[in-house]
Amino acid sequence: MENPFETNQLKRPTFLTVLCILTFIGSGWGVLSQLFSLLFTNLVDVSAQTEQLNTMMDNMESGAGTSFLSGILSSSQEVMQATMMHAKSIAVISLVLSLLSLCGAILMFSLRRIGFYIYTVAQLLLLFVVPYFAGFSMLVVMGMLFSALFTVVFIILYALNLKAMR
């Protein structure tokens, strides 16, 4: 005799559950941090930070600084100015993409394959938000490559679990 309470649902692999929980944490943090950025964008004193970087640059040129280090400081100053100028746009786009990533993880947690594609597109687009506004300087590319490492690893790990999703 059949058990009427037993359903023939797909069982979520433990590894997929762990990946989804890690994504909930990461994307949830992204959503919260972008909301915080949106709320407090106008409160940051960009001129004080720019002045501090200019002072560091002057000290590097007059002192024992190397050209490599002064190049990094110069690059970071340009990136900071560009990101501050476009802070609201960066925060809005990153917030939307973080929400999409979170939705993709929720769908994958529910064993829906479409979640993988939503997650993948959102994560890949997130890599290019800051470079789009700040340019592809050495500092930005290094940060992008570091983020890309985690993005690619997670996409591959999720792709290994596609067979468990419908």
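## Confidence

pLDDT is the predictor's confidence in each residue, on a scale from 0 to 100. This is a predicted model, in which local features need pLDDT of at least 70, side-chain atom pairs count only at pLDDT 80 or more, and totals for chains, interfaces and linings use all residues. Residues are numbered from 1 along each chain as its sequence is written, and side-chain values use heavy atoms, with hydrogens and water left out.

The chain averages a pLDDT of 87. Of its residues, 78% score at least 70. Confidence is highest in helix α5, at 98. It is lowest in helix α2 (residues 46–62), at a mean of 66. Where pLDDT is low, the predicted coordinates should not be read in detail.

## Overall architecture

The chain has 7 helices and 0 strands. Both are DSSP runs numbered from the N terminus: helices are H or I with at least four residues, strands are E with at least two. The order from the N terminus is α-α-α-α-α-α-α.

Contact means heavy atoms within 4.5 Å. Among contacts in the chain with a separation of 6 or more, 76% join residues 24 or more positions apart.

Buried residues make up 35% of the 166 residues. Buried means under 20% relative accessible area, exposed over 50%, and partly exposed in between (1.4 Å probe, protein chains only). The chain exposes about 10700 Å². Carbon and sulfur atoms supply 69% of that area. Accessible areas come from the Shrake-Rupley method with a 1.4 Å probe; for residues, only the protein chains shown count as cover.

## Helix α5 and its cover

Helix α5 covers residues 114–127. The expected span of a helix is 1.5 Å times one less than its number of residues.

The buried residues in α5 are Gly 115, Phe 116, Tyr 119, Thr 120, Ala 122, Gln 123 and Leu 127. Their cover includes α1, α4 (87–109), α6 (129–134) and α7 (138–159).

## Helix α7

Helix α7 has 22 residues and should span 32 Å. Its end C-alpha atoms are 31 Å apart, which agrees. Its buried residues are Val 140, Met 144, Ala 148, Thr 151, Ile 155 and Tyr 158.

## Aromatic pairs

The structure holds 7 aromatic pairs. Rings of Phe, Tyr and Trp (its six-membered ring) pair if their centres lie within 6.5 Å; planes under 30 degrees apart count as stacked, over 60 as edge-to-face and the rest as tilted. Phe 116 and Tyr 117 form an edge-to-face pair, 5.3 Å centre to centre, with 75 degrees between the planes. Phe 116 is buried because its relative accessibility is 8%. Tyr 117, at 41%, is partly exposed.

Tyr 132 and Phe 133 are also edge-to-face, at 5.0 Å centre to centre and 90 degrees between the planes. Tyr 132 is exposed, with a relative accessible area of 66%. Phe 133 is buried, at 17%. Ring pairs also link Tyr 119, Phe 154 and Tyr 158 into a cluster.

## Around Thr 17

Thr 17 lies in helix α1 (residues 14–40). Its 18% relative accessibility is why Thr 17 counts as buried. Leaving out residues up to four places away in sequence, Thr 17 touches Arg 12 and Phe 109.

Those two partners also meet each other. The charged end of Arg 12 sits over the ring of Phe 109, 3.7 Å from its centre. The criterion is NZ of Lys or CZ of Arg within 6 Å of the ring centre and within 35 degrees of the ring normal.
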